Amino acid sequence: MLLQGMGISISMPFLSIYFTEYLGVPVAMFGIFLAVTLIAGIWISLLIGRRSDLGLNRKNIYLISTLCSAVAYSGYLLIEDFTILFIFMTIFTALGAPGMPQLFAISREAVKKSNFTDYSFANSTLRSAFSLGFITGPLIGTLLIAGLGFKGIFSGTIGVFLLVALLIFLFLKSNSNLERTNDQMKVKSFRLGQNPKILLPFLILILMYTAHWTSSLNTALFITNNLGGSTSDVGLVSSICAALEIPFMIMLGILSSKYSNRILMMSGAIIGGAYYLIIIISGAMWQMLAAQILLAVFVAVISAIGISYIQDLLPSMPGYASTLYSNSSTIGRLIGSLVGGGLASVLGYRYSFIFCFILIFISIIMLVVSGRYSENETQKLA
């Protein structure tokens, strides 16, 4: 998980520069490129996620997806024509998309086999490792691009994914011997649109991730344009949040043994709403810096607890549940990128945070509704 986060983040901060300055692609076209590759990945992930719960070997899925991710980044080294690169990246990025949810499904099954029932703590630990990789990746990318240019960061990314593939091949155990006749019947009969018990949490996570990505997109410009901060202030804000996320994830893993995931999600949503409210009324840089504590808690909750929240609702479908969580993040990122930029350009950066606050408020209402729905289901069963 550490290497997976590192592989994704080494080149991510520099892609917009590569496309706009090196390939000469307009910013709008780069946005379309990101949207198409994300949507293709969502579709493939859902397709593979359901079939993985019907008996497909998770090790093979994860191995092939990781190799496809390595092949995808090789396109940056070999292809300079944007149209050909667009097609190439759409195909192989989509084929690499099932990797992350399958890794979470593999971890879920590993925890289950070990008779260790604290799934949330296990997922929190994994998410902490991913976050650590995501933090260190851009630092490594900065060194690579300074010494070797764009070829350096893309080669580094390929190398990390190949190392992950090697570890999968050598050490990860196969699940092909699992027998799940009853579980497979549940998978075949499951329909997301007809199951509000699962659909509501899925939509809640989309709203939360949309709010998070919208604010992430506009925070830097809000600091420099509205609060009179500098680029060093932007870096400091990002560093504070990133540094606090990991210990908060571990703390949430401990709390998850005492409180339900829905309660922790509710608490995270309230804290997230408080963060956005502070930013809306903020007028000084110190307020933004202090509020990063609240943001770190919010991000830790949706990252570490969000996946357990979905997985616990679908215990017999870890692949599909993990894919739903992963896709909620991806859809939120896509909507946040499209809507967030538009809101900031039309209404201003401060109003984009009002939009985030509204999304969180709606999420809290939906969490209350989902709790009442679960209680009604329990009463019917009783």
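Tutor: Helices are DSSP runs (H or I, at least four residues), numbered from the N terminus. This is a predicted model, where local features need pLDDT of at least 70, side-chain atom pairs count only at pLDDT 80 or more, and totals for chains, interfaces and linings use all residues. Residues are numbered from 1 along each chain as its sequence is written, and side-chain values use heavy atoms, with hydrogens and water left out.

Student: OK, at what angle do α4 and α5 cross?

Tutor: Roughly 160°, and the axes of α4 (residues 58-78) and α5 (residues 82-96) come within 7 Å. That makes the two helices, α4 and α5, roughly antiparallel (angles over 145 degrees count that way).

Student: Which residues of α4 and α5 make the contact?

Tutor: Among them are Ser65, Cys68 and Tyr76 of α4, and Leu85, Phe88 and Phe92 of α5. Contact means heavy atoms within 4.5 Å.

Student: New topic: is Gln292 buried or exposed?

Tutor: Gln292 counts as buried because its relative accessibility is 1% (buried means under 20% relative accessible area, exposed over 50%, partly exposed in between, with a 1.4 Å probe and protein chains only). Gln292 sits in helix α13, residues 285-313.

Student: And what does Gln292 touch?

Tutor: Setting aside neighbours within four places in sequence, Gln292 contacts Val237, Ile240, Cys241, Leu244 and Tyr275.

Methods
Axes are lines fitted to C-alpha atoms, for helices over the stretch in contact, and angles run from 0 to 180 degrees between N-to-C directions. Angles under 35 degrees count as roughly parallel, over 145 as roughly antiparallel, 65 to 115 as roughly perpendicular and the rest as oblique.
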